[in-house]
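The sequence and the model are shown first, and the points follow by topic.

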Amino acid sequence: MEWYLWLIAAIAALIVLFLAVLIGRAIAFKPRREQAYGADEAACDAEKAVRDLREMVRCKTVSDTDESKEENAEFEKFEALLPEMFPSVYAACEYKKLGKRSLLFRWKGKDSAKCRVLMAHYDVVSVEPLLWSKPAFEGVLEDGVLWGRGTLDTKGTLNGVMQAAEQLIREGFVPQNDVYFAFSGNEETNGYGAPTIVEYFKKQGIRPAMVCDEGGAVVEKVFPGVKERCALIGIAEKGLCNIRFSVEGKGGHASSPPAHTAVGILSRACVKAESHPFPYQLSKPALEMFDVLGRRSTFFYRLLFSNLWLFKGLLNAICKKSGGELNALLRTTAAFTQMSGSKGMNVLPPHAEMVANLRLMCGDTIESAEKYLKDTIGDDSVRTEVLYGMNPSPISETEGEEWERMKSAIARTWQGAVVSPYLMLACSDSRHYGEISDHVYRFSAMELSKEERGSIHGNDEKIPVKKIVETVQFYLRLIRSF
């Protein structure tokens, strides 16, 4: 046989071997054996849970960056309801109001060597009344569904925490370790409620063994090829940064414009930034999510996720083209949300500006993101200014006792759901706790449909009664493990 035939045969053999390795890895990429969690009893007073949440919703606790626009009486009304609804909690727990919007309860355990924190916020975002099918602040209960702002974000979880604690205290349960309930009233405005509590913990030398706040939920059809319900626990969250881009013009009459107006220069800068997304990154939360859920996906995605060493470029291309949540999971994003120019339709703008809302990937910083955008735009006439920013949170651990507590409580409440880490794309109060705890978990204790997730900060926010009860049951199971 000629030498070149041997070469062709060798290359063909290598290709076959290479394909065999890829396919073999995909075939072996199967779900790992998980501990079985049997169902256990977690009965609760469903009528009380629904009744109390209705009353919470009726408090119009809308927060605003301008506190003078807030209705303080509504916040006071909410805070006054709590001791009426949960007298046993107030009797058994040490209660402190650390600031105007910082409520902290300490439930002393048998041993104070450790403690755990359950969080929620009781402020809500505003509504457009004409866009709601039911009044947003009347607590309408109809056909087994409770309507109202805050039912999902996050008076629903605050209610779940307090219902579970009230019931367990009445039953005589005492946790092995201290439990804190930490509620803030200005999370929606990135306010001082949670930082005030964290500062108190720091001064007291308290490092929680676990912190549980809002975040992921029990969801369906959020990962390609996975049919099972997925319970997503955020083990980190992206940072946030708002950057203003501005250009100075000469103004004047629009009848004799320059080659490029200030608005035109900004528009070009916007197009450049959008056409050159931030670099792709595989963070620990994303890799762990791909490992857990990728093993349960279709063969194509198992082939992809089991061989990321080869298919990183393909995954990057898919994400860039599709945009949305999967793309946001893998890179810092910049969404241009505001632009302004001249006040007159026939007047050249003497000043034009636009604002981008950035969500910073693990590993990026406010400074590195601003530099990337400056370099990408490449125009010194476009000035940048960071209006507000916070870097990504630390990444929490997904091994050990505290992670298993979360998994167990979830698995016992939502039988058959696949528990997976993920990277939270939005921001929450829990980011402040990364300074004092290595186990900060972001999980909204609800099963949420796509429609329900879309109603958070949107219109017609509501929750079925069944899900109100499940939230209480989750916290009953979680607290019993403390």
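Is Cys-115 buried or exposed? Cys-115 is buried, because its relative accessible area is 4%, and buried here stands for values under 20%. The model is a predicted one.

**Cysteines**

- A disulfide is a covalent bond between the sulfur atoms of two cysteines.
- The count of disulfides in this model is zero, with the sulfur atoms of a pair required to lie within 2.5 Å.
- Cys-115 takes part in no disulfide, and the nearest cysteine sulfur, which belongs to Cys-93, is 13 Å away.
- Cys-230 is likewise in no disulfide, its nearest cysteine sulfur being that of Cys-319 at 17 Å.
- With a relative accessible area of 2%, Cys-230 is buried.

**The four-stranded sheet**

- Four strands form an open sheet in the order β10-β11-β9-β12, and their pairing is antiparallel.
- At the edges stand β10 (333-340) and β12 (383-390), each of which pairs on one side only.
- From one strand to the next, the twist averages 20°.
- Strands of a sheet pair through backbone hydrogen bonds, either parallel or antiparallel.
- Strands β9 (residues 239-248) and β11 (residues 351-360) run antiparallel and are joined by ten bridges.
- Helix α7 (residues 262-275) lies across β9, β10 and β11, and runs at about 15° to β11.
- Helix α12 (residues 366-377) lies across β9, β11 and β12, and runs at about 155° to β12.

**Gly-239**

- Gly-239 belongs to strand β9 and stands opposite Leu-360 in β11.
- The relative accessible area of Gly-239 is 1%, so this glycine counts as buried.
- Apart from neighbours within four places in sequence, Gly-239 is in contact with Leu-358, Arg-359, Leu-360, Met-390, Asn-391 and Pro-392.
- Between the C-alpha atoms of Gly-239 and Leu-81, which are 158 residues apart along the chain, the separation is 34 Å.

**Thr-332**

- Thr-332 sits in the loop between α11 (324-328) and β10.
- Its relative accessibility is 1%, so Thr-332 counts as buried.
- The side chain of Thr-332 makes a polar contact of 2.5 Å with the side chain of Asp-364.
- The Thr-332 side chain also reaches the backbone nitrogen of Met-361, at 2.8 Å.
- Leaving out residues up to four places away in sequence, Thr-332 touches Lys-238, Phe-278, Arg-359, Leu-360, Met-361 and Asp-364.

**Aromatic pairs**

- The structure contains 24 aromatic pairs.
- Phe-18 and Trp-309 form an edge-to-face pair, because their ring planes stand at 90° with the centres 6.3 Å apart.
- That pair links distant parts of the chain: Phe-18 is in helix α1 (residues 3-28) and Trp-309 in helix α10 (residues 308-322), 291 residues apart.
- Phe-18 is partly exposed, at 37% relative accessibility.
- Phe-78 and Tyr-122 form a stacked pair, with 4.9 Å from centre to centre and 0° between the planes.
- Phe-78 lies in helix α3 (residues 72-85) and Tyr-122 in the loop between β3 (111-121) and β4 (141-142), so this pair ties together parts that are 44 residues apart in sequence.
- A cluster linked by ring pairs consists of Phe-223, Phe-290, Phe-300, Tyr-301 and Phe-305.

**Backbone features in loops**

- The peptide bond from Asp-153 to Thr-154 is cis, with omega near -15°.
- Thr-154 is located in the loop between β5 (145-147) and α5 (155-170).
- Asn-190, a residue other than glycine, has a positive phi, near 55°.
- Asn-190 lies in the loop between β6 (177-184) and α6 (193-204), and its relative accessible area of 29% makes it partly exposed.
- Lys-221 also has a positive phi, near 55°, and is a residue other than glycine.
- The loop between β7 (210-219) and β8 (230-237) holds Lys-221, which counts as exposed at 75% relative accessibility.

Terms used:
Residues numbered from 1 in each chain as written. Predicted model: local features only at pLDDT ≥ 70, side-chain atom pairs only at ≥ 80, totals over all residues. Heavy atoms only, no water. Pairing = 2+ DSSP bridges. Helix = DSSP H or I, 4+ residues; strand = E, 2+ residues; numbered from the N terminus. Axes fitted to C-alpha atoms, helices over the stretch in contact; angles between N-to-C directions. Contact = heavy atoms within 4.5 Å. Buried < 20%, exposed > 50% of the residue type's maximum accessible area, 1.4 Å probe, protein only. Polar contact = N/O pair within 3.5 Å; in protein donor to acceptor, adjacent residues only side chain to side chain. Phe/Tyr/Trp six-rings, centres within 6.5 Å; stacked < 30°, edge-to-face > 60°.
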